[in-house]
Amino acid sequence: MTAPGVAGESGGATQGRGRRFARWLYPRRRAQLWLLLAVPVLWIGVVYLGSLLILLLNAFWAKDSFTGNVTPFDWTLKAFTDIFTHPVYAIVAGRTLLIALLVTITDAVLAFPIAYYMARVATPRRRGALVVAVLLPLWAAYLVKVFAWRTILQGNGFLSWVLSPFGIPGPGLHELPNAWLVLSYLWLPYMILPIYAGLERIPNSLLEASADLGAKTGTTFRRVILPLAFPAVVAGSIFTFSLSLGDYIVPDLVADAKFIGNLIYDNSALGNLPLAAAYSLIPIAIMLLYLFAARRLGAFESL
């Protein structure tokens with residue numbers, strides 16, 4: 001049993017060391033920053049980047065054709081050879097990239113007038129209601145929204161019922177444009193919010209100066225508003241493009257089509273981890289190029 005005096009001395013020594021450490025740390029802002037970021041940086045470095053590194057290493061490991069077992073550190077380029085020699089992988093990658101670009105363009109065209117009205121026209125009360133309306137779909141579960149669209153688009157679904165009096169057949173669940181439609185719906189809020197924030201940051205004084213110089217409304221929009229809001233559009237496109245590029249549930253449920261994510265999932269489920277890892281390098285490379293271009297266009301300052 002520890003004597004009270006000894007316990008008091010131990011506690012006082014601990015407090016003394018704590019005060020000395022606090023006095024040493026107080027003027028050192030960089031040390032404070034590193035201590036604050038140590039845990040999240042360690043988490044990202046070990047858990048996220050570490051698992052990503054292991055995934056990428058799998059692309060260069062050999063897979064036994066008889067047992068199906070992957071041999072770590074048995075280096076080979078067979079997975080990359082399979083990807084570049086079978087045209088199906090290039091077709092799927094091109095299809096995925098095309099839909100991601102179409103979704104991004106569609107959301108930008110739809111989001112800009114909505115965001116412009118919210119930021120420059122609507123009253124504060126109406127603006128708050130519109131922000132809630134934009135955010136409201138995000139509160140619903142992703143799969144619930146996808147299955148709702150599946151019900152709408154299927155052969156005897158709501159859309160077929162609406163089109164049947166005009167003699168127009170419903171699209172069914174095998175058309176590729178279904179993926180474009182559903183993905184555009186899902187990621188539209190991610191485009192509206194950055195554009196809204198970018199438009200709201202434009203000073204009214206610039207618009208007044210443009211009007212004072214004799215510019216018409218259309219000229220002010222083309223020469224002042226659109227260039228200043230363009231980085232925000234690119235910032236929103238990062239979300240819509242990346243989310244569409246990596247999605248594999250929507251094309252499987254509403255379009256009966258294969259995207260990059262579907263082939264990665266299928267090969268992983270079949271135990272062909274080297275091929276899945278090698279194919280996953282394609283969206284990673286595409287996103288790195290896209291982020292580099294977005295950074296050059298000033299999108300990161302609008303996030």
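This is a predicted model: local features need pLDDT of at least 70, side-chain atom pairs count only at pLDDT 80 or more; totals for chains, interfaces and linings use all residues.

Reply: Residues are numbered from 1 along each chain as its sequence is written, and side-chain values use heavy atoms, with hydrogens and water left out.

Me: How many helices and strands does the protein chain have?

Reply: Helices (H or I, at least four residues) and strands (E, at least two) are DSSP runs, numbered from the N terminus. The protein chain has 13 helices and 2 strands. Its radius of gyration, taken over C-alpha atoms, is 27 Å; a compact globule of 303 residues would have one near 19 Å, by the rule of 2.2 Å times the number of residues to the power 0.38.

Me: What is a nonpolar core, and which residues have the most contacts inside the largest one?

Reply: In soluble globular proteins, nonpolar side chains tend to be buried together. A nonpolar core is a set of buried (under 20% relative accessible area, 1.4 Å probe, protein chains only) Ala, Val, Leu, Ile, Met, Phe, Trp, Tyr and Cys residues joined through side-chain atoms within 4.5 Å. Here the largest has 19 residues, and Ala111, Phe112, Ala115, Ile192, Ile195 and Leu199 have the most contacts inside it. Helices H4 (87-121), H8 (177-200) and H10 (217-246) each supply at least two of its residues. A second, separate core of 17 residues includes Trp149, Leu173, Ala255 and Phe259.

Me: Is Thr96 buried or exposed?

Reply: Thr96, found in helix H4, is buried, with a relative accessible area of 0%. Leaving aside neighbours within four places in sequence, Thr96 is in contact (heavy atoms within 4.5 Å) with Ser244, Leu245, Phe259 and Ile260.

Me: What is a pocket, and which residues are closest to the centre of the largest one?

Reply: On a 1 Å grid over the protein atoms alone, a pocket is an open set of points where a 1.4 Å probe fits, with protein on both sides within 12 Å along at least five of seven lines; lining residues have an atom within 4 Å of a point. The largest pocket holds about 350 Å³ of space. Of its 15 lining residues, Leu52, Gly246, Ser280, Pro283 and Ile284 are closest to the centre. The second largest pocket has a volume of about 190 Å³, and Trp61, Lys63, Asp82 and Asn272 are among the residues that line it.

Methods
Buried means under 20% relative accessible area, exposed over 50%, partly exposed in between (1.4 Å probe, protein chains only). Grid points are joined across faces, edges and corners, and a volume is the space filled by probe spheres set on the points.
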